[in-house]
Amino acid sequence: MSRVSGPRQRQSTRGPLRARALPRWWPLPVCALLGASAGGLYGVVKTPEYSATSYVVVTPAEKADPSVALGFAQAYGRVATEVAVIGDAQVWAGVSAATLRGSVQTATSPDAPMIAITATSPRAADAAGMANAVARALTLNGRHTQADTGVRVVQFSRAAKPLAPSSPSASLTTLVGGCAGGLLGGLALLARPRRRHEPEPGITAAVPGPAGASPVPQEVAP
């Protein structure tokens, strides 16, 4: 039987075919999927939080400089939680002093003598109660020191019970996690060294040999 020659015979002499390598960009979708899964799980497991805000305004008393009210508003904003703890705010809100300090934040404006008192809690009623309790304690303290400071502290608006949580939803955390994972995958892809292309086994490039030197003609003796 005649032997088969040619490319088919050369292919049969090769070793087993290697598994096809993954594309270089595989970390990008994998990291994005992992990030989205982690973000969605965090949004589902995390307890929702509610925020409520009460506003207090500082007004100048009779024959007082209006700029004084702005300065006292900044001062009251810094010590609002301390004043509330010294007063009866923790009793009115029904929480401990540590919870009141850790859950209440204040913000002031450089243009208006107003103080925003924001409380955060896993329960909507507790958030509104803490914000109103701190505002009440602040106005009461301002009334007691009005003769010395020359300003009045008045509650501008009470905090209402929030209807929806202020913490991010599960869909938002999923989106943020997916974007963060995709960014990390892209950075890993950029930092990854490039792979060199290696020739397949069994195939060798034909290298032309050196050209033979042409014979030098010899002179024939006469």
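Reply: Strand 1 and strand 4 run antiparallel and are joined by 6 bridges. Please keep in mind that this is a predicted model. Within that pairing, Thr 59 has Arg 152 of strand 4 as its bridge partner, and Pro 60 stands opposite Val 151 in strand 4.

Me: And how many bridges join strand 1 to strand 3?

Reply: There are 8 bridges between strand 1 and strand 3, and these two strands also run antiparallel.

Me: Zooming out for a second, what does the whole chain look like?

Reply: The protein chain has 9 helices and 4 strands, and along the sequence they follow the pattern α-α-β-α-α-α-α-β-β-α-α-β-α. Of its 222 residues, 26% count as buried. Among contacts between residues at least 6 apart in sequence, 77% join residues at least 24 apart.

Me: Which residues of helix 3 are buried?

Reply: They are Ala 69, Ala 73, Tyr 76 and Gly 77. These residues cover an arc of only 95° around the axis, so they sit on the same side of helix 3. As background, an α-helix has 3.6 residues a turn, so residues three or four places apart point the same way.

Me: How many aromatic pairs are there?

Reply: The count comes to 1 aromatic pair. Its rings belong to Phe 72 and Tyr 76, with centres 6.5 Å apart and planes at 40°, so the pair is tilted. Phe 72 and Tyr 76 are 4 residues apart in helix 3, which means that about one helical turn separates them.

Me: Are those two buried or exposed?

Reply: Phe 72 is partly exposed, with a relative accessible area of 27%, whereas Tyr 76 counts as buried at 8% relative accessibility. The cut-off for buried is under 20% relative accessible area, so the value for Tyr 76 falls within it.

Me: Changing topic, which residues have the most contacts inside the largest nonpolar core?

Reply: Val 58, Leu 100, Ile 117 and Leu 138 have the most contacts inside this core, which has 31 residues. At least two core residues each come from strand 1 (50–60), helix 3 (66–78), helix 4 (80–86), helix 5 (89–93), helix 6 (97–103), strand 3 (114–121), helix 7 (124–144) and strand 4 (151–157). Helix 7 gives the most to this core, with 9 residues. In soluble globular proteins, nonpolar side chains tend to be buried together.

Me: What does Val 58 touch?

Reply: Leaving aside residues up to four places away in sequence, Val 58 touches Ala 69, Phe 72, Ala 73, Tyr 76, Pro 113, Ile 115, Val 151, Arg 152 and Val 153. Both rings of the tilted pair, Phe 72 and Tyr 76, therefore belong to residues that Val 58 touches.

Methods. Residues numbered from 1 in each chain as written. Predicted model: local features only at pLDDT ≥ 70, side-chain atom pairs only at ≥ 80, totals over all residues. Heavy atoms only, no water. Core = buried A, V, L, I, M, F, W, Y, C linked by side-chain atoms within 4.5 Å. Buried < 20%, exposed > 50% of the residue type's maximum accessible area, 1.4 Å probe, protein only. Contact = heavy atoms within 4.5 Å. Pairing = 2+ DSSP bridges. Arc of directions from axis to C-beta. Phe/Tyr/Trp six-rings, centres within 6.5 Å; stacked < 30°, edge-to-face > 60°.
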